[in-house]
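Subject: Structure handover

Hi,

Here is the model I promised to pass on, with some notes on what turned up in it. Have a look at it first, and then read on below.

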Amino acid sequence: MKRLTLLFILFASLLVGCNGQEIPECGDTVFNTPHITIATAFWIETDAVKQQMLNQESCQFENSTYTVGKIGEQQVLLFETGVGSEKAIASTNRIVSNFEIEIIIFSGIAGGIEDSAIGTTFVPYKWFDLETGESVFVNESLLSLVTREQITGITSPEFVSDPEIVEFIRSNFQAIVVDMETLLVAKIASENNIPFIAFRSVSDHADGDKKRESYQQAANASAVQVIDFIWLYSNTSP
């Protein structure tokens, strides 16, 4: 009984905002307004983006919390995919099925395959699935706003820290960064004809040496690049 009580308290806490008020259900305005949508995997990435947003409000839908707000004059919807492929698939399918999405931008951290400095941000033009070799291209028009560099990323079902796997990725995919969600989100976006692009900043070197401060530095770097991209997109889109 004590364990059930603790679980109930934990669940209830997820439904309460930082001001102690219950987070409301998402209303028709949120569902029906076209949004630039930012995806993150977990709270450090999410908080880094929130620091850049104005007029923030949170709402609940199907036990998931969404943040709506503005970056400049753009309406922005922020959601967490959760860490890993299964959560990324479920959360992305939920959002594309129920909200009006203009574009999807992923902001997050990643393991660096090459010896890139912590916080270096990459925008791959193509993402591979480590298990299947399947690949998905990001949107060419969105990519053209930030880079012409032909670099690739890879999504793994598990954290990568084995040197042999790192060498396999380097040799077979020539990937620069590795994460656990981007390929899945990119694939769903492509299937639903939603333009997609991902910004991933190096937080470690896929070697098991993971530090909280490095995660924070990388998450902040990615968020800044995403915000700059949204301003650029706003000034170039019809």
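A word on terms before the notes: a residue is called buried when its relative accessible area is under 20%, exposed when it is over 50%, and partly exposed in between, using a 1.4 Å probe and protein chains only. Helices (H or I, at least four residues) and strands (E, at least two) are DSSP runs, numbered from the N terminus.

Please keep in mind that this is a predicted model, in which local features need pLDDT of at least 70, side-chain atom pairs count only at pLDDT 80 or more, and totals for chains, interfaces and linings use all residues. Residues are numbered from 1 along each chain as its sequence is written, and side-chain values use heavy atoms, with hydrogens and water left out.

**The overall picture**

The protein chain has eight helices and eleven strands. Of its 238 residues, 49% count as buried. Contact here means heavy atoms within 4.5 Å. Among contacts between residues at least 6 apart in sequence, 75% join residues at least 24 apart.

**Helix 4**

Helix 4 covers residues 85-98, which makes 14 residues. The expected span of a helix is 1.5 Å times one less than its number of residues. From first C-alpha to last, helix 4 reaches 20 Å, close to the 20 Å expected. Its buried residues are A88, S91, T92, R94, I95 and V96. They pack against strands 1, 2, 3, 4 (74-80) and 5, and also against helix 7.

Strand 5 (residues 101-112) is largely enclosed by the rest of the structure, because eleven of its twelve residues are buried. Two strands pair if DSSP finds at least two bridges between them, and strand 5 has these partners:

- Strand 1 (residues 35-40) runs parallel to strand 5 and is joined to it by five bridges; T37 has I104 of strand 5 as its bridge partner.
- Strand 11 also runs parallel to strand 5, with eight bridges between them; here S107 is partnered by F199.
- Strand 10 (residues 175-179) runs antiparallel to strand 5, and two bridges join them; G111 is partnered by V178 of strand 10.

S222 sits in helix 8 (residues 212-236) and is buried, with a relative accessible area of 0%. A polar atom of its side chain lies 3.1 Å from the backbone oxygen of F199. For such a polar contact, the cut-off is a pair of N or O atoms within 3.5 Å; within protein, one must be able to donate a hydrogen and the other to accept it, and residues adjacent in sequence count only if both atoms are side-chain atoms. Leaving aside neighbours within four places in sequence, S222 is in contact with S107, G108, T121, F199, R200 and S201.

**The nonpolar cores**

A nonpolar core is a set of buried Ala, Val, Leu, Ile, Met, Phe, Trp, Tyr and Cys residues joined through side-chain atoms within 4.5 Å. The largest one has 64 residues, and Y66, F99, I104, I105 and F196 touch the most other members. Helix 8 gives the most to this core, with nine residues. There is also a second, separate core of eleven residues, with I113, F128, L130 and A175 among them.

Apart from neighbours within four places in sequence, the contacts of Y66 include C26, C59, R94, I95 and F99.

**The disulfide**

Two of those contacts of Y66, C26 and C59, are joined by a disulfide, with an S to S distance of 2.1 Å. A disulfide is a pair of cysteine sulfur atoms within 2.5 Å, and the structure holds one. The torsion about its S-S bond is about 80 degrees, so the disulfide is right-handed. C26 lies in the loop between helix 1 (2-14) and helix 2 (28-32) and C59 in strand 2, so the pair ties together parts that are 33 residues apart in sequence. Both C26 and C59 are buried.

**Two loop residues to look at**

E62 is not a glycine, yet its phi is positive, at about 50 degrees. It lies in the loop between strand 2 (54-61) and strand 3 (64-71) and is partly exposed, with a relative accessible area of 49%. N193 also has a positive phi, near 55 degrees, and is likewise a residue other than glycine. The loop that holds N193 runs between helix 7 (182-191) and strand 11 (196-204), and N193 counts as exposed at 70% relative accessibility.

Best wishes
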